[in-house]
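Please look through the sequence and the structure shown here, and then follow the side-chain contacts described below.

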Amino acid sequence: FLLVRDIEAASKLLVEGIATFSCTELCDYPEFITYAIITNLLYLKRTELKKRVIDGSEVLQAAKDIPVVIQLANTLYDCDYKAYLHTLVDLQPHLIANRYLQPHAGYLLRELHVLAFKQFLDSYQSVTLESMAKSFGVGTDFLDVQLSRFIAAGRLTAKIDKYGGVVETNRPDWKNASYQEMIQKGDLLLNRIQKLGRVVDL
């Protein structure tokens, strides 16, 4: 799954295999833990990430051999976004040097950036570019370009008020969407009943 970039499927298998890993002919244990952490950062909920990865006894045993990857997970969990971005810079050469991750290095780095931006913005309805840039330890112009790129690609549900220098989040209204879907299904059901009724009348 990792080779064909099905990262979500790979993440589930990797985290399940942490306690039972024995395929040392493919890679050593710290390398396997690296794959498990990087992929699961993108998909595990915070509570599960803490329980199964950050505080996992097997992960902690390998921690001294993979300090950059461990720091990446901890800084994201701790919402230390400035340190997290610095750690991503340190992570890049490790991704490029890895036989399995090298083809996906650009993709993984991009997704890890999106992950941090999403996590940060989930805490706000609106936040100034200046405040967000300070939290990430970057300039406002750089942040503006990064956010604009991810918003345009549909990866972030937000909009930038450049005049006011504010980022506003547009959280999907799941309750309203579910209500509309229920009405549509009800209409379809009524139409089918009416058609069936006409057939029976004939």
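A salt bridge is here a side-chain nitrogen of Lys or Arg within 4 Å of a carboxyl oxygen of Asp or Glu. The structure is a predicted model, in which local features need pLDDT of at least 70 and side-chain atom pairs count only at pLDDT 80 or more, while totals for chains, interfaces and linings use all residues. Residues are numbered from 1 along each chain as its sequence is written, and side-chain values use heavy atoms, with hydrogens and water left out.

By the salt-bridge rule the count comes to 7. One of them joins the side chains of Asp144 and Lys162, with 4 Å as the limit and 3.7 Å as the N to O distance. Helices (H or I, at least four residues) and strands (E, at least two) are DSSP runs, numbered from the N terminus.

A second salt bridge is formed by Glu111 and Arg155, whose closest N and O atoms are 2.6 Å apart. This pair also links distant parts of the chain, since Glu111 belongs to helix H7 (residues 105-121) and Arg155 to the loop between helix H9 (140-152) and strand E2 (158-161), 44 residues apart. Glu111 counts as buried because its relative accessibility is 11%, while Arg155, with a relative accessible area of 27%, is partly exposed. Lys64 and Asp65 make another salt bridge, at 4.0 Å from N to O; here Lys64 is exposed, with a relative accessible area of 66%, and Asp65 is partly exposed, at 46%.

The aromatic side chains come next. Rings of Phe, Tyr and Trp (its six-membered ring) pair if their centres lie within 6.5 Å, and planes under 30 degrees apart count as stacked, over 60 as edge-to-face and the rest as tilted. A search of the whole structure finds 7 aromatic pairs. In one of these, the rings of Tyr81 and Phe120 have centres 5.5 Å apart and planes at 80 degrees, so the pair is edge-to-face. It connects helix H6 (residues 81-97), which holds Tyr81, with helix H7, which holds Phe120, across 39 residues, and both side chains belong to buried residues. Phe120 also pairs with Phe136, their ring centres being 5.5 Å apart and their planes at 65 degrees, so that this contact too is edge-to-face. Phe136 is in helix H8 (residues 129-136), 16 residues from Phe120 in helix H7, and Phe136 is buried, as is Phe120. Tyr81, Phe120 and Phe136 are members of one aromatic cluster that also includes Phe117, Tyr124 and Phe150.

A ring can also face a charge. Arg46 lies over the face of Tyr77, at 4.3 Å from the ring centre, where the rule asks for NZ of Lys or CZ of Arg within 6 Å of the ring centre and within 35 degrees of the ring normal.

How values were computed: Buried < 20%, exposed > 50% of the residue type's maximum accessible area, 1.4 Å probe, protein only.
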